[in-house]
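Please examine the sequence and the model shown below.

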Amino acid sequence: MLLDWQTLGFSRQELDVLEYTAVLVRAGRRSFYSTILAPGGAFLRYDPGCLEAMDERGGKALALVEDRIAGAPCETHHWRQGDILIIDNWRVLHGRSPSDQGSGRRLARILIDA
């Protein structure tokens with residue numbers, strides 16, 4: 001499932017809330033505080049499995065993103081053997097449904113600093 005976060009129709013006021021509201025990003029020993037929207041709107045950080053609101057404002061910010069994602073049309077890629085999918089990780093929110101055991105699924109991560 002793929003979704004360009006810039007198509008979610010956030011108002012300027014909503015973008016400000018997302019850029020200036022702190023959340024906790026749980027990453028084991030490397031947990032850190034951040035905002036949902038990077039400074040200047042470079043990317044939107046959203047993963048319900050690791051983001052935690054620090055206060056009521058953070059909870060509302062996360063709920064805002066969840067609500068927009070729930071109502072947005074996502075692109076779906078139906079995998080076939082040999083497929084390669086390249087995603088702009090700073091622009092596209094992405095997720096997957098559960099994969100079958102023994103599917104042979106492999107992920108590779110490459111950083112291109114342009």
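How exposed is Ile87, in terms of relative accessible area? Ile87 is partly exposed, at a relative accessible area of 30%; buried denotes under 20%, exposed over 50%, and partly exposed the range in between (1.4 Å probe, protein chains only). The model is predicted, so local features need pLDDT of at least 70 and side-chain atom pairs count only at pLDDT 80 or more, whereas totals for chains, interfaces and linings use all residues. Residues are numbered from 1 along each chain as its sequence is written, and side-chain values use heavy atoms, without hydrogens or water.

Ile87 is located in the loop that runs between helix H2 (56–70) and strand S5 (92–94). Helices (H or I, at least four residues) and strands (E, at least two) are DSSP runs, numbered from the N terminus.

Helix H1 spans residues 12–20, and its buried residues are Leu15, Leu18 and Glu19. These residues lie on the same side of H1, because they cover an arc of only 95° around the axis, the arc being that of the directions from the helix axis to the C-beta atoms. Gln13 and Tyr20 are exposed on the other side of H1.

The cysteines remain to be considered. The structure holds zero disulfides, a disulfide being a pair of cysteine sulfur atoms within 2.5 Å. Cys50 is in no disulfide, and its nearest cysteine sulfur, that of Cys74, is 18 Å away. Cys50 is buried, with a relative accessible area of 19%, while Cys74 is partly exposed, at 36%.
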